[in-house]
Structures are given as C-alpha cells and as structure tokens.
Amino acid sequence: MRSEQEYVDHLYARVDALRRWAESAVAQAQVPDGNTKQGRVERDVRLAERTRSLTALNSVDGSLCFGRIDLADGTAHHIGRIGLREDEEDDPERTPILIDWRAPAARPFYLATGHTPMGLRRRRHLTTQGRTVTELHDEILDLGDTARTGHEDPSGDTVLLASLNAARTGRMSDIVRTIQAEQDRIIRAPHRGVLVVEGGPGTGKTAVALHRAAFLLYEHRELLARRAVLVVGPNPAFLAYIGEVLPSLGETGVLLATLGELFPGVEARGTDSAHAAEVKGRAEMAEILRLAVRDRQQVPEPGEPMIIPNDDGDLVLDWHLADEAREAARATSLPHNLARPHFAFRVVDALTAQLVERIGTDPYGGPNLLGPDDIAQLGKTIAANPDVHAAIAQLWPDISPQEFVADYLSEPTRLSEEDASAVRRPRTSPADWTPADTPLLDEAAELLGEDDSARQAAAEAERQERVAYAQGVLEVARGSESFEFEDTESEVLAAHDIIDAERMAERHEEADHRTAAERAAADRTWAFGHVIVDEAQELSPMAWRLLMRRCPSRSMTLVGDPAQTSEESGVGSWEDILDPYVGDRWEHTRLDVNYRTPTEVMELAAAVVAAERPGFAPPSSVRSEGALPWIRQVSGDLAAAAAEAAAAETPQEGRLAIIAPRRLHDDLAALLPGVVAGADPDLTRHLVLLAPRQAKGLEFDRVLVVEPAEFATSDLYVALTRATRTLGILHRSPLPVGLSDAVAAGSAERPD
Ligand SMILES: Nc1ncnc2c1ncn2[C@@H]1O[C@H](COP(=O)(O)OP(=O)(O)OP(=O)(O)O)[C@@H](O)[C@H]1O
C-alpha cells in the first residue's frame, strides 16, 4: 500500500506542476503571435488546447489513478483518467508514468481474464479518497503465478459491486474504473458509421454512450474538437442527471441537448397531446410541409388580375404572367426564400415588357419607339414601386420558419379532420412551441432557405466599414472615386484595391472565442463530428430527419431499448429508423447485464412485459438485494398512503423517487414537505416526485410506484426498473395482469 501511495503522490506532484504550467500557458496564449490572421488562428487553437488540458488536469483530482496492470515480462503500468509522462528535465526520455484509460495500452485492464490474460500477470484496482490510497484489490490472471500480495480479491468484482451498491446522488457518475469487457468493446468500437447499442434497463447504455464520446474525442481529437459531439437526451432533467459524466472525464467539446433545444432561437417548452406529437412526428409531414410551402407561392385567379398603380401607367399582374414567373422561380430548385428574387425579377421584367409594349408601340407598325435607356429607366421605376413590392410579397411572401409553422398549425392542411384538430393551434406567443414542433421548424427552414440576407448584409456593411477604415489608413483611396460594383472594370479595380485593405481590416475583426460546442448550439446548420442519441427508440421519423441533417458524416451512436418505448411517435425498429439514411450499413450491438436493478426487482418488472409479450427476455441482474419488492393495496386516500410510505422509506443517504400518475402530484406535493410537482424536478433532493415518463433513464436507491394500473405497459416497465435497492408499489385499482400474476407466483410480498 505504501509504495502505491508514494506512486500516487508522485503522480499528483506531476499534475500540480503541469497545472501551474497550464495556467500560465493559458494566460500567455491569450496574446496573439504578431497581428496576422494566421497569428490569431494559432493563438485560438493554442488557447483551446491549453484550456482543454487545464480542464482535464482540474477534473482528475480525487481519482487520478485507479488501476495498475502487471505484465508477464515484469513491467507494470498505472492506469488513470489522463496520460502523464515524467518531466523532461528529470527524464529526457519522458517515460510514461500514467496511461490514459482510452489508450490502447490500457485495454487489457478492461478485457483480460484468467482465460485470456492478454499478457497480464495481475490486475490491480486502486481505491482512493482524495489523494489517499485506501484500498487495493488484486486479480491474479496468470494462474501459474504463486506470488501473492495480500490484496487478492478472489471474486474479482468487489470494486464493481461497491460502486453499484453506493448510495445514489441524483447525478450519474462515470464508470471508468469498472468498465466491463462487453461495454469496453462498444466504447472502443472502430465502426465509423452508425452504431446501435440496444439493451434492457440498467445495462449501462447511457454510461457506455458517454464513455464512447470520451473515447472518440481522444481517438479523433483533431476532428471532433473542431466539429464537437452532440448528445441528445429525452428531457432537461435527464441531461442534468448525465451532465457531469463527460466533464469528470475532462471533456468539454460536447453539446448536451434535448430535441426541443435543437432549433436555435426557439425554446420548445410547450407540451403536445400524445396524438398531436404522433401526427407531427410522422414521416408524411415532410411532404405535407413541402406542399404547404408551394401553397404559399400564389398566382391571381384567371380573369381576376391585380392592377398595380404606376406613374407611367397601371400595371396588370395576371394569372399568366405570375404563373410563368412562378414556374421559372420553381425551376431553380432553390428553397422558397432564395427562389423569391427570381420570381420578383421575372415579374418586374414581364411588367416592364408590358409597359414598354403599351407606351412604345409604333402606331404605324414600326419597331418599338423606346430605346434601351428608356426601357432600363422604366424597369428601375417598376422595381422601385412599393405597390409592385407589395404584390410580389402577397404572391410569394418571404417567410421565416417560425411564421410558416405557426401558420400551418393554425390551419393544418392535408390531414384528416381528426388529426388536424389534434395539432391545430391558434397563432399565439412563441412560448407555445413544443419539442415535436422542432423538427417541423427545421424542415421548414430547409424548405424555405436560410433567410440570413439581413445578417449577411449587416456583416457585409460592417466589413465594408472596416475596409474603408483600413483604406484610409493605407491611403489607397482613389481620389473621389467610390466603389461601384456594377461594372466589371470598377469591380476588378475595387477587388484589386481592397486586397491589402481587407487584410488590414481583418486585424480589427473580433476573434470568436466560443468553443466549438457553443458555436454549434447557435448554428442550425452545424455539422457535428459525432452524434449520440439516448433513448433513441422515442424519436419520431421527423426527429430523425433533423438529427441526420446535423450529422452528414453519419458518425453516430444510438442507444435505446424498444421495450421501453413510450412515445406513440417512436419508431419501433432500428431498420425503419436507419434504412432511409444508411440502408443496411449500420452495426447492431447488445448489452445483456443489468448493473442497476437487483434480481428480485427485475423479475417483477419483466413479468409485466412478459404478460404482453410471452417469451420476453429481460437482461440478467448482476446482483441481488435479498429483499422482495412489496405491494400494498390501499382502500382510503391513495396520496395520503403514498406520502406515509414515502416518509417511512426516505433514506438518510441516497434518493427515493415516487413515480405516480400526474393527477396525484399536487396532492402528493401538498403532503410531502419540500417536494415540488413540476416539469423540471430537482434530482439531487432526497425525495423526488415524478410522472413515469419523467423517470426515463434515471435511477434512485428506492422507488415507490403508485397506482400502476394507470401506466401504459412500457411506462410501468420503466418505472419498475429505476430502483438500485428496493421497490414498493401502492395501489387502489386492481393491479395490471403481469403484476397480479407475479404476486401469485411469489415474486412480491403482500404486507398487510
Ligand atoms: N461497468 C460499470 N461499472 C459501474 N457501474 C456501472 C457499470 N455499467 C453500468 N453501471 C451503472 O449502472 C447504472 C445503469 O446504467 P445506465 O443508466 O447507463 O443504464 P441504461 O442501460 O442507460 O438504463 P435505462 O435503459 O434504464 O436508461 C448506472 O448507475 C451506471 O453507472
């Protein structure tokens, strides 16, 4: 133990020295090398890299080193959260003193067995508290080796079980010390495309997905630090629950978001009925919206032309003229807003021709009397006529995605009356956007085209200002001549002239210090380097369209469990989800061991699904609590009985969740001091009140399920599998069949 403590002390001394260095390096990196663009870019890259190193160094305090492998050749490596080498001054060879858990050399720590020792003699787990080594657990992998350390762990899973038995904190922690072999294979899977990780409750899908993100960031740092990784989770409480895992592994280039947060500028906090969410999520919505956009490209009715007053004579915008302009604009295949100038151009052109024809016709049949200059002048007047603009805006309006979707939802088309009335929503404030609207907004943005002309114009004006300033400084202004971009000669001259001025102007540009993840969050068209989707079974076809747009490389990890699907719009099969995007070029993996739920609880939960799906195979639990779940029938006030049971169950350490139908929440919250009913539960409290769907992905030491007959089967399965220790059920209505059968079979206790 002493020599391990000395080794760990040495590692921390190195971390402290590196941290001091990184702190001053970050300060230095803020100053650019020279004032060139190259200098600034290098400064930004250095700053990002050093800030990342500092974050990683700061994150390791407390559990820097957790393992050691002794090889058959007599060498040993310590394994930790980061890689460390000796200081160059002390050791010119810079010998590695700690191996990053993600490095290939660390792999045997996770994979070696007595059967396949991978060159190892021994595997050691170090447990530390702060910087102090408190326990050692050794596994002998070379069975012929008779040397003993006195720290042998014959079962080999003491450290794993200690971590599984630890009281929960309301925040998920990393599993880097105890990643199991089947999980390690997924975390490090070399597959570059879509990897599906399927597994029952508690099999570590979320943990594995997050560690895979950390691994990929290590393996492909160059690309992923620039493009960022997106992690999509089902709701904000879940994101808060998993939010500390990647920072604890020293990773920051990750954006955690719910579907409702993936359309920048819109906060989708509203809720839909199950029916409305299902309709909005259907694949057909893409075509329906496409046609709805076409509906916004209108023409006057035949025989009912628009008459536009004009100084040189009224203009007649009739069906024929508008239809030709519309066909020409549509033929560009550009999105609606980007095709609009083509429509406008055609209309103005045709109206000009109309006027030229009317004014300039030679009564004696000769050629038109107007010359090119007259015609150009007429065209300019028409193009500047506000009534012409208004007519064009009426026929082919410039629309934002928000306006368009709000309009569509206020008068839905191409849906059955039943579906239309489920989604119909009067145009009100933006606070009404729901997560199921986000993919519709995204689809609309694609169909309409990014209307960033105002932003571009502002940026261009700013750039021109900087250029003008720089030009003044450089004294390259050409007398009184101002830049005219209308004729080629001045354009060539202007372009030539401003090259130096532009370089100069760049020096005045503000550098963008945001991280890739921050920039990605604000940019709808950002292409992420890798996308991880948790609870992937819940997403609708329309949501998949959005996510696939965010990941053109199709480098994705999708984790989920079809048996836990609760959303009506969720896509049932991986084939159905993926076929439209990657055909059959995706890989499927399974996790079959449940690390969360004790055997007794899992058995009861599995009975609920098996009642509907005979032959259902649940994951097998890695441990047992020795206590059967209890089920109690209440004849009086259910909320009062639940509050009483909760008070008796609330642990000193760890967390208790009451999972109850929403209709009981207000009554329960009134009876339980400090408990809040609401959409955004605080999971760090000792007692948490949740509706079944809010419990998705979460876990608690103890769980109390109230009135299970009111839950859909998949929701009940989720609720029953949240407990790491004990489960109790209270009900007034008769139990669902699966549960009553399980009680009859002796899988639960029935206390009086
Ligand atoms: N190798 C491991 N070492 C320690 N703990 C682990 C390991 N694998 C999983 N766990 C723990 O098991 C619990 C369940 O893991 P996780 O939430 O990732 O499962 P899941 O498959 O996503 O479950 P669900 O489908 O119910 O959301 C977590 O507390 C996690 O930390």
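# Exercises on a predicted model

An open sheet of six strands runs in the order E3-E4-E2-E1-E5-E6, with mixed pairing. Strands here, like helices, are DSSP runs numbered from the N terminus (helices H or I, at least four residues; strands E, at least two), and two strands pair if DSSP finds at least two bridges between them.

Before you start: this is a predicted model, so local features need pLDDT of at least 70 and side-chain atom pairs count only at pLDDT 80 or more, while totals for chains, interfaces and linings use all residues. Residues are numbered from 1 along each chain as its sequence is written.

**Exercise 1.** Find the buried residues of helix H28 (residues 737-744) and say how they sit around the axis.

*Solution.* Start with the term: a residue is buried if 20 or more other C-beta atoms lie within 10 Å of its own, exposed if 12 or fewer, and partly exposed in between, with C-beta atoms placed from the backbone. In H28, that picks out Gly 738, Leu 739 and Ala 742. They cover an arc of only 95° around the axis (taken from the directions from the helix axis to the C-beta atoms), which puts them on the same side of H28. Next, check the cover: helix H24 (599-612) and strand E17 (630-633) are among what lies over these buried residues. Just past H28, Gly 746 takes a positive phi of about 85°.

**Exercise 2.** Describe the largest nonpolar core and pick out the contacts of Val 229.

*Solution.* A nonpolar core is a set of buried Ala, Val, Leu, Ile, Met, Phe, Trp, Tyr and Cys residues joined through C-beta atoms within 7 Å. The largest has 154 residues, and those with the most contacts inside it include Ala 213, Val 229 and Leu 720. Its largest share, nine residues, comes from helix H6 (residues 205-219). Then turn to Val 229, counting two residues as in contact if their C-beta atoms, placed from the backbone, lie within 7 Å. Leaving aside neighbours within four places in sequence, Val 229 touches, among others, Ala 213, Leu 216, Gly 253 and Phe 528. A second, separate core of 22 residues includes Leu 315 and Ala 391.
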